[in-house]
Structure formats: structure tokens, C-alpha cells
Amino acid sequence: MGRTGVGSHAILTLFTICILLFPHNAFSFYLPGVAPEDFQKGDVLNVKVNKLTSIKTQLPYSYYSIPFCSPKTIVDSRENLGEVLRGDRIENSPYVFKMREPQMCNVVCRLKFDAKIAKEFKEKIEDEYRVNMILDNLPLVVPIPRSAQEGPPVYQLGYHVGLKGQYAGSKDEKYFLHNHLSFTVKFHKDELTDSSRIVGFEVTPFSAKHEYDGEWSENTRLTTCDPHAKHTVSSSNSPQEVDDKQEVIFTYDVAFEESEVKWASRWDTYLLMTDDQIHWFSIVNSLMIVLFLSGMVAMIMLRTLYRDISKYNELETQEEAQEETGWKLVHADVFRPPNHPELLCVYVGTGVQFLGVVLVTMVFAVFGFLSPSNRGGLMTAMLFLWVFMGLFAGYTSARLYKMFKGTEWKKIAVQTAFLFPAVVFGIFFVLNALIWGQKSSGAVPFGTMFALVFLWFGISVPLVFVGSYVGFKKPAIENPVKTNKIPRQIPEQPWYMNPIFSILIGGILPFGAVFIELFFILTSIWLNQFYYIFGFLFIVFVILLVTCAEITIVLCYFQLCSEDYLWWWRSYLTSGSSAVYLFLYATFYFFTKLDITKPVSGALYFGYMLIASYAFFVLTGTIGFYACFIFTRLIYSSVKID
């Protein structure tokens, strides 16, 4: 799923377009990440295990939450804040390779299943859990081949714990465990130094009921998988059933394959975009909306306003002045403070904070700073940006509050610092309690929760106060026209200018500009796929900004022409109502694309999408508000008022 200098926008947009024109090169270009590591032949390669994930439950679990084979000592890797919030739990594993030294039928361990262990494995297989592993910072993938016409294989992150199936001639459904893993490590070799860099980590899982002669010992040779006889596991082996009193032997092969892919381009296969035509269609579709709205705004500004302002400025006699109609009639009321001005100031300040976070994050992502090799980097960056952008939130809300003749800036600072974060934190806390009840690794530990609270109270709140203090010390923004003491009566409005109707209509076009890209974002979040097409996303975001601004200006102009001067809140809600359509689309996506059946998982989905929709409301509402604010000041400063 911020604001910088205006001059950099043009350069950044130009750079983004250059990237998009050469998409194959765009993905191989990312600046940071991890430094490449060179391996000599025979060097030890340690495979790490990550969480178990399921698109059916959305509840991650640590690898050793079910009794897989484990090393003598389990060592946790240090995770960053983003990784912990994602539920990542990276640990060492008993899978150890040696560089460019193939291995066959290595026995990892032998387990005796009892009823409890069998039940745990069956539950994970039923919920379609996948095992995630990491080698040299590359995630493990399962290649799913496609026909030659369709292109290279599709990569699935992680392999399934097992599968359900039936024996031939039987109708009883059984559970089978993937207990043999056939790994392929792809490497790029330097001919001069003979060193190698890892550029791919793939696996093909098998379910195989291993057999052996005599009593089991450490030196027992399997008859189903024997490196001496060059006999390896294949899909023709009898599968390993998951049941009480079953003996399960875990084994693996590892093969090394030289690749032409260089280390800098090793993520290309993971990020391969097979549907870029859809993204271009999305851009073109959105641009059509923008062109339509731009035409309307241009017509208003160049034809109507120019004519209106010229006419108003030529009025001479009192009789002509009395006959004037349209938006100039409400000049003495148009800048009258709205109802609940404090709340509007708080929401606008929070929106500016969000705009800062999104824009800065997007800039860094487009330039490749948030590559997927840096797990959790995107979430960590957004959290820290949110905290430091509190300065701009406080400044904006206090400036607006002073314009509304407010005096208690500390009160506004407190509301800005707490209103939005408290709502989000409340929903997050409830969801975290539900995850905790499921014993999932996705539950945020107490230490991390304390760190989040510290970021909020220790850094964000003081920065909001500093921003508010500076903003309130600035001279108040002066309105271009004076406001009467007695408010003007608003005439009866036609049905299409009804506030609820016009607000809901106003949200359709901004949502229409982003909904195709929204599908890919939801898919990456909830179907466990990579999303790294930030070039497209940045263009769509710019289109969203323009669409929100233009639709609000058009509807604001129509409202003022109808002699309705209550535009403050309506301008915010007009573009902000696109969040309603976002949540409705998320609901549609849930029932049509996801296979979530558990109540807790459903609550997680709708809880997080509610937070996302609320954030989208604040962001788009603020864009619409400022567009209308600038527009009204512009037109009323252009006419002569007696």
C-alpha cells in the first residue's frame, strides 16, 4: 500500500516513465539490499526456515510450531520491526549444503507420529499451509511449469506441507506429507576466481513412504532412496500417509545448476510481470478519466469563470448589482468557519501526514531502495515516516485552526496526535488479541508492542506538538473577502445537489482511477505474492491526486453556483468517499477471490481493510479539501467586492 518539493516531481515522473519503457531492466535495478556473498566449492550453505503461511487462514505460524526435524539448538535470527509485524520468524534448520557438491537421499531425521502430531500435520495440510525457507537471502520457490507458448514457469513461494488425496479404488480421503525435498541451487560462476554466487533456490516436494531393511540405526540405508544405487525419489513412489503410529523419515536431495543470471538480476524471476498489459490498460483507463475531468476544469476556469469575473467586475449600477446571481452572491459567507472546525483541522493535518508517508515511500520504492530482498523494509520505512511526518500534521492542523480564529492550539495538537492513531491502534489491538488466541506467530510480541507505543508517545506526539507550536506562531491565513456576521440563507437545492448524493458521486471517479491496480495490491497482500511494480503504482498515485483534486473542484463550483457556501466539509467528504468504494471492493474481493472460511481470518481481513479504507479516506479527503481551498481563494480574490 508524503510531500516533497514540487520541482522534484517532474524529474521523478520522467525517471519513472524511463523505467517503465524498459521494464526488463527496471527490475534488475535496485540500489541497496544485501551485499553479494561469494562461495568457493565446498563452502557450507546454511538454509534458514521462515514462517508457515496459508492464504486460507492468513495466520502465520513459526516453522517449529509443528514437529518438523530440528537442529540440536534452534537459533532465532534478528528480525526488523517490519518482519515482526509481518509474522516472520527466521530460524536455523537441519538442512545444510556444501557449495557445488550435489547430495542425494540425505536423511534429516526419523519421527514416530502419535495421534496429537498426526492431528497437527493434518490441520496444516487441510488449511494448505506452505513452508518458507531462505538461502543467501533468497526465498525458496516451487517452479510451476507452463507450456512453451505461455513462457517461463510461474514461481510459488514456499512448498505445501502436504496434500490430500485418495488411493486408487478408494473413496476415503487421506492426508499425505511432503517428506522428501528435492532442492536445486542455481549459481553464477566467476571464471577468473572460481567463486560462485547464489542466484536461485528452488524445490520440488515429494511424498514418499521410505522403506529399509532390518532395525533402524544412523547408518541404515533406505531401499526407496539410495545414493549408492543412484535410486532417487520420484512421483511414482508410494506416498507417506499422515496417521497415528506412522513412521516418517524426512530426506532431501540437492542439485547445483550453473546459471547465466547474474547476482544483480537474481530477483527478476521472482518479480517477473506476466500481466503488464493490464497495468498499461489501467494507466490508460485512469488517464481517460483525468483528461475528461481536466477538460471540465479547463472549461470552468477558462470559459465560465473568465466570463463571470469579467461580468462581475463590469457591474456599475446598484440595480445591476442587485440582480447578480451565481457564486459571487455567497462571497460574504464562503469563508465562514464550518461546523466542528477542530475536527476538520485534525483530519486535514492527518491527511497531510499520510500524503508525506505515501509520497516519500513511493519515491524510495521507485528508486529501488525498498527491494524485496530487504524483508519488512517497506513496513518499517512507512512506520518511521509516519512518526516523523507528525511534525507536518501538527503544523498544518494548527495553521488551519488559527485561520478559523481558534485559540487553543494545544487542544488541536492533542487531537491530531491521538485521533487517527488511537482508532487504528484500537482495531490493531483487538486483531492482535484474536491472532494471539490462535497461537500464531503473526501476534505482535509484548516487546514490539512496547516499541510501537514508544514510537507513538515518545517521538510522534512531541513532534506533532512542535509542529503545532510553529504553525500557530505563524500569521493567520487571511481570506480574500470579508465574512458577514449574519449567515445568508441557502436556497432550496435541486435533488442532484443533495450533499449525500453529490458526495457519493464524487468518490466514484477517484476509485475508478485506482481500482485495477488495487486488485494487484490486494493479491500481493492476501495471496502471498510479490508486489514490486512501484513504477506503475507511482503513476497511478499521481493520477489519483489529480482526479481527487479535479472532481472536488468541479463539484465545489457547481455547489457555489447553487448559492450553497457550506463547502468545507463537503470538499473533504467528496473525494474521501472513494474509501467507501474501496471497502466495498475489498468485500467483493473477499467473496470472489479468497477462500477464507475461519471467522478469525475473516475478522483479520475486514479489520485490516477497514484500517486501509480509513487511511485512504483521510488521504483522498485531504487532497480534495486543499484543491477546493485553493480554488475558492483563487476565484474570490479575482473579483471586485464592494
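This is a predicted model: local features need pLDDT of at least 70, side-chain atom pairs count only at pLDDT 80 or more; totals for chains, interfaces and linings use all residues.
Lys51 lies in strand 1, which covers residues 44–53, and its side chain reaches the backbone oxygen of Arg86 at 3.0 Å.

Leaving aside neighbours within four places in sequence, the residues in contact with Lys51 are Pro60, Tyr61, Arg86, Gly87, Asp88, Arg89, Arg130, Asn132 and Ser441.

## Helix 9 and what covers it

Helix 9 has 14 residues, 390–403, which at 1.5 Å a residue should span 20 Å, and the distance of 20 Å between its end C-alpha atoms agrees with that expectation. After helix 9 comes Lys405, whose phi is positive, near 70°.

The buried residues of helix 9 are Gly390, Ala393, Gly394, Thr396, Ser397, Ala398, Leu400, Tyr401 and Met403. Their cover includes helix 7 (341–366), helix 8 (377–388), helix 10 (409–437), helix 11 (446–473), helix 14 (568–576) and helix 16 (599–636).

## The crossing of helices 12 and 15

The axes of helix 12 (residues 499–526) and helix 15 (residues 578–593) come within 8 Å and cross at roughly 40°, which means that helix 12 is oblique to helix 15. On the side of helix 12 the contact is made by residues including Leu504, Ile508, Phe511, Phe515 and Leu522, and on the side of helix 15 by Ser578, Tyr581, Leu582, Tyr585, Tyr589 and Lys593. The crossing of helix 12 and helix 15 is right-handed.

Technical notes:
Residues are numbered from 1 along each chain as its sequence is written. Side-chain values use heavy atoms; hydrogens and water are left out. Helices (H or I, at least four residues) and strands (E, at least two) are DSSP runs, numbered from the N terminus. The expected span of a helix is 1.5 Å times one less than its number of residues. Buried means under 20% relative accessible area, exposed over 50%, partly exposed in between (1.4 Å probe, protein chains only). Contact means heavy atoms within 4.5 Å. A polar contact is a pair of N or O atoms within 3.5 Å; within protein, one must be able to donate a hydrogen and the other to accept it, and residues adjacent in sequence count only if both atoms are side-chain atoms. Axes are lines fitted to C-alpha atoms, for helices over the stretch in contact, and angles run from 0 to 180 degrees between N-to-C directions. Angles under 35 degrees count as roughly parallel, over 145 as roughly antiparallel, 65 to 115 as roughly perpendicular and the rest as oblique. A crossing is left-handed if the near helix is turned anticlockwise from the far one by less than a right angle, and right-handed if clockwise.
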